[in-house]
Amino acid sequence: MSRVALITGGMGGLGEAICIKMAALGYKVVTTYSPGNKSWNEWLDSMNKMGYGFRAYACDVADFQSAKSCVETIVKEVGAIDVLVNNAGITRDMTFKKMDSVNWDAVMSTNLDSVFNMTKQVCDGMVERNWGRIINISSVNGQKGAFGQTNYSAAKAGMHGFSKALALEVARKGVTVNTISPGYIGTKMVMAIPTDVLDSKIIPQIPMGRLGKPEEVAGLVAYLASDEAAFLTGANIAINGGQHMH
Ligand code: NDP
């Protein structure tokens, strides 16, 4: 029977590539969209016309109750979740001088509380079944810091602290917990950066001289989700074209 993979934020740039990769590998793919997303149905229709068979559920990952009821529905309608990819995230960049609590809280709750909110719903089941994969999508900027991103860097670094601690707790139960820290990937989030900033400031920092591709991150997710990756846990895997090595 095929495994169920739940990818939060699957309608975004990275998430879509992850959903496509996991479907190609035979997983039953379920994704979430934020309650404010008005075009979820169009995305789902266009994907399913291509034969992917995705399921999509509304969920505010920043809200515990929303995460709880969403996962309950998924388990009822699709089945128990074997692979959780915590991918949904936002940025609200501004210097610390301008940072207010609204933009701090929004980034912390969407990028970090969400990891608790979603993982809490699936972890006990994975432990009971002696198999599970939790994959947290962090960022190079959580590893190295970034100007204007005290909120985002803190949340993304926090995700990896979570991965390491939970990895210890579930290591004997066939459940692995890992972090992926992508560098700059050519998704809408990054393509929204003005071209001159990309060309003059960002690309020159990347030894490979290019942005990453969503498919390259999706390939790493697929590996971490696989049976072959059973001995890999508590790791933070950088995928950044050589931009930051540690
Ligand atoms: P996108 O903006 O394209 O996608 C983000 C996704 O998060 C969207 O699908 C969105 O859902 C979802 N989302 C946001 N807020 C919520 C919420 N409250 N509840 C549920 N879903 C929500 O970004 P990317 O695909 O580029 O990024 C995906 C992840 O990768 C993020 O965590 C990001 O921080 C990280 N990352 C990205 C990098 C890049 O270069 N692109 C580099 C490093 C890390 P909806 O569309 O339904 O609103």
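**View 1. The second largest pocket and its lining.** Phe116, Thr119, Lys120, Cys123, Asp124, Val127, Phe162, Leu166, Glu169 and Val170 line the second largest pocket (a pocket is an open set of points on a 1 Å grid over the protein atoms alone where a 1.4 Å probe fits, with protein on both sides within 12 Å along at least five of seven lines; lining residues have an atom within 4 Å of a point). Helix H4 (101-129) and H6 each give two or more residues to this lining, and H4 gives the most, with six. About 190 Å³ of space lies here (the space filled by probe spheres set on the points, which are joined across faces, edges and corners).

This is a predicted model, where local features need pLDDT of at least 70 and side-chain atom pairs count only at pLDDT 80 or more, while totals for chains, interfaces and linings use all residues. Residues are numbered from 1 along each chain as its sequence is written, and side-chain values use heavy atoms, leaving out hydrogens and water.

**View 2. The largest pocket.** Here you will find about 1300 Å³ of space. Its lining has 50 residues, with Gly89, Ile90, Thr91, Tyr152 and Met189 nearest the centre.

View 3. The ligand sits in the largest pocket (more than half of its atoms lie within 2 Å of the grid points). Around the ligand are 28 residues, the closest being Leu14, Ser34, Asn37, Tyr152 and Ile185 (a heavy atom within 4 Å counts as near).

**View 4. Oxygen atoms of the ligand.** A polar side-chain atom of asparagine 37 lies 2.8 Å from a ligand oxygen atom, and one of lysine 156 lies 2.9 Å from a ligand oxygen atom.

How values were computed. A polar contact is a pair of N or O atoms within 3.5 Å; within protein, one must be able to donate a hydrogen and the other to accept it, and residues adjacent in sequence count only if both atoms are side-chain atoms. Helices (H or I, at least four residues) and strands (E, at least two) are DSSP runs, numbered from the N terminus.
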